[in-house]
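I opened the notebook to look up how the ligand is held by the protein. The entries below follow the order in which I looked.

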Amino acid sequence: MAFQESARVISTEEIAHNTFQVFLNSPLISVAVKSGQFVNILPAPDWEMPMRRPMSVSGVDGSHLGVIFKAVGPGTDLMRDWKIGAEVDLLGPLGNAWHVSEKTPILIGGGVGIAPTWFLHNELKAQGVDHYLIMGSRTANEHFIEHDVGKKLIMCTDDGAFGVSGNVITGLDTIREEIELSTVKLFVCGPAPMMEAVREVAVGENIECEIALETVMACGFGICQGCTMEYVSNGESTDSYRKKFGLVCMDGPVFNAKEIKTCYL
Ligand SMILES: Cc1cc2nc3c(=O)[nH]c(=O)nc-3n(C[C@H](O)[C@H](O)[C@H](O)COP(=O)(O)OP(=O)(O)OC[C@H]3O[C@@H](n4cnc5c(N)ncnc54)[C@H](O)[C@@H]3O)c2cc1C
Ligand code: FES
C-alpha cells in the first residue's frame, strides 16, 4: 500500500562530491518500504512542474527514511537546499523490491545508483548475510564508502584514483577467483551504460541478476504510461502491449536481467 505523507527533513549532508544524503521523518512510508522501492517527491510546496521527482530509498532508521541524490537540475537543486525541519510531500513506497535468494548477493552500484543497493547492503549486514558490495564512479571524490577487500567492499574508479582502477566489471573480475559466479546473484543499479554492461555479462554467463531500471517518470503509479521498458521477446509474436512492454514504476523498477531488452530507456 502506498501513502501520501507530509515528511519532515531530519538531517542533510553532502556525503561525496555533489552527492547528498537526506533523512526525512516519514512514519508511514518508512515502516512499509522495502529495499529496491522508491518514493516520488514534491521538491517544494510551490513546485510548478507537473512531475514529481522519483528517488530510490537508501535506507530506513526507525521512522526515518533516507534518500541519496546528485543535484542535476531544478528538482534536485531544491532538494540540496532543503533545511532541517522543512516539510516534504512524499508518495510511496512505490514499485517492487529486490528478491534475495539463497545465492551469495553481489551488490553493484554506480553513481547515485548506490541508493537502493546501499539499502540492501545495510539490510544484509544487519541479517549477517555474507555479500559483496562493488561501487563504481569516475573518480575518488564521488565515493563515500571505504575500499576494503577484506570486508568485501570493492570501490572502483575510472581514473584509478581510489580502489580498483577500472569500472564495476573490473571490480567483478577481481573476485572471480574467490567465488564461482554461478553461486551468486547480482543486484544492480546505476547509469544505463553500467547496467547494460553488467546485464550483458550476467545474461552471457547465465548469472542470476536483478537490475533496478531508471527512466523519466511522471505519476509513479501506472497511470501516465510514461515509463515503459521493453521485455525480451520469447520468439512468439504477440499483439499484447502488456506482454511486450512493462512499466518501470509498477512492474519494476527491479527486473530480472534476462527479461530486459535493454537498460537504455
Ligand atoms: C525509480 C527511480 C529511482 C531514482 N532514484 C534516484 C536516486 O536514488 N538518486 C538520484 O539522484 N536520482 C534518482 N533517480 C533519478 C532522478 O529522479 C532524476 O535525476 C531527477 O528526477 C532529476 O530531477 P531534476 O529536476 O533535478 O533534474 P531534471 O531537469 O529532471 O533532469 C536533469 C538531467 O537529468 C536527466 N534525467 C532526469 N531523470 C533521469 C533518469 N531517471 N535517468 C537518467 N537521467 C535522468 C534529464 O534528462 C536531464 O538531463 C531515480 C529515477 C527513478 C525513475
Ligand atoms: S510513471 Fe506513470 S505509468 Fe509509470
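Which strand gives the most to the shell around ligand 1? I found that strand 4 does, with four residues; strands are DSSP runs (E, at least two residues) and helices are DSSP runs (H or I, at least four), both numbered from the N terminus.

I noted that this is a predicted model, in which local features need pLDDT of at least 70 and side-chain atom pairs count only at pLDDT 80 or more, while totals for chains, interfaces and linings use all residues. Residues are numbered from 1 along each chain, chains are lettered from A and ligands numbered from 1 as written, and side-chain values use heavy atoms, without hydrogens and water.

I then listed the shell: of the 19 residues around ligand 1, Arg-53, Pro-54, Ile-68, Gly-75 and Thr-76 come nearest, a residue being near if one of its heavy atoms lies within 4 Å. By class, I read eleven nonpolar, five polar and three charged residues, with Gly counted as polar.

Next I checked polar contacts (pairs of N or O atoms within 3.5 Å). An oxygen atom of ligand 1 is 2.6 Å from a polar backbone atom of Pro-54, and I also found oxygen-to-backbone distances of 3.2 Å for Lys-70 and 3.2 Å for Gly-73. Taken alone, ligand 1 exposes 870 Å², of which the protein buries 71%, by the Shrake-Rupley method with a 1.4 Å probe.

Last, I saw that strand 4 (53–56), strand 6 (64–70) and helix 2 (74–80) each give two or more residues to the shell around ligand 1.

How values were computed:
Polar contact = N/O pair within 3.5 Å; in protein donor to acceptor, adjacent residues only side chain to side chain.
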